[in-house]
Amino acid sequence: MKVIGGLDRVECPSREEFEANYANLDKPVILTGLIDDWPASSKWDLDYLDQRVGHVGVSYKVSPTGSHPPLDDAGMIQAQREEATLGAYMDRVWSQVPEVERCKYCLSGDDVNVLEHWDRYHPDLKVLLEDFSLPPYFDPEKLETIGFWVSPQGVRSHLHYDSNGKHNLNAQISGEKQVWLFSPKQLSLLYPYLATELQPFSFSRVNMDAPDSDRFPDFGDADCYFDTLQAGELLFIPAYWFHSFKHIGAVNCNVNFWWEADRIPVSPTSVRSVFAYELLEYLVGSEPQRLVEEMAKLPPEVLKSWQGIERQIIVGNGVRSQEDHETA
Ligand SMILES: O=C(O)CCC(=O)C(=O)O
């Protein structure tokens, strides 16, 4: 991977400036000066959260490697998930686990939502809305999900894009996180797992902490932005941009806002996502748990042709082919 620079930092832009210079150009940015007056910015620490929402049941990720989720060659997710109250999670991670092992645990906003599916507020987490407000960069009715994140130092989120296809504003309330961002145009250089092989297709197969240049040679040509998101800053991740984070603070608290973009540029990543979801819909409708069974029933030539279509979309301009790399 080639780091092409850091992100622009813009202090309190108007919505018009944000849309014209970033959202409409599909360009990531860090926004500053917007959350200093949120009560969360001065209040959120382990004690406060314990007192306020420590009783709430949550599900959190456990990964033996500290990379979340841990993925193997076939893309199977080996992560375990544990359930506890938020208080028990925080007590376990910050009081009972040795410092070097804390990165195995991560409470992430794709699992724990203050708001999910447009209007479903979490009955016990919605009190947190008193501590922050909606950023003024989207119409409130376009907001689909608010994620809630509390994680220790050392967590690595595996390189992926958000499969919900939404724009994302991620607010760093405490702690700090390093972030790597890759444009969705570069799908062929990022070696995604394959939907048509029943793999977690929004994830890259590349391990950012130790990229394997024999297996993923073109990853070395992928351009990325690298920056460190500080407490008090908001990161805009446009829909379908690949991202990976490394959690640097001792305690990292974030909320993030996923909203429906007005328009999404056509890229190999957005096209393949639509292809994958259409395929899923066609095969199993609203019963995704039947997918393995239904795929197994497909005539081999049909499956092969779908796999061919998916690879073509990934390769995009036809210059590079994943198959070429795998058989080289
Ligand atoms: O904080 C992280 O490690 C991951 C954040 C993320 O994936 C997101 O905001 O969509």
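First, a term I need: a salt bridge is a side-chain nitrogen of Lys or Arg within 4 Å of a carboxyl oxygen of Asp or Glu. My model is a predicted one, so local features need pLDDT of at least 70, side-chain atom pairs count only at pLDDT 80 or more, and totals for chains, interfaces and linings use all residues. Residues are numbered from 1 along each chain as its sequence is written, and side-chain values use heavy atoms, with hydrogens and water left out.

**Entry 1: the two domains.** I looked up the domain assignment (bounds come from an automatic or database assignment) and got domain 1 (2-259) and domain 2 (268-327). How many salt bridges does the rule find across their interface? I found one. I also checked E197 and R311: they form a salt bridge, with the closest N and O atoms 3.3 Å apart.

**Entry 2: the whole structure.** I counted 22 salt bridges in the structure. I noted one network of them, linking K61, R81, D110 and D111.

Entry 3: D262 and K142 form a salt bridge, their closest N and O atoms being 3.0 Å apart. D262 sits in the loop between strand 17 (251-259) and helix 5 (268-284), and K142 in the loop between strand 9 (120-121) and strand 10 (143-152), so the pair ties together parts that are 120 residues apart in sequence. (Helices, H or I with at least four residues, and strands, E with at least two, are DSSP runs numbered from the N terminus.)
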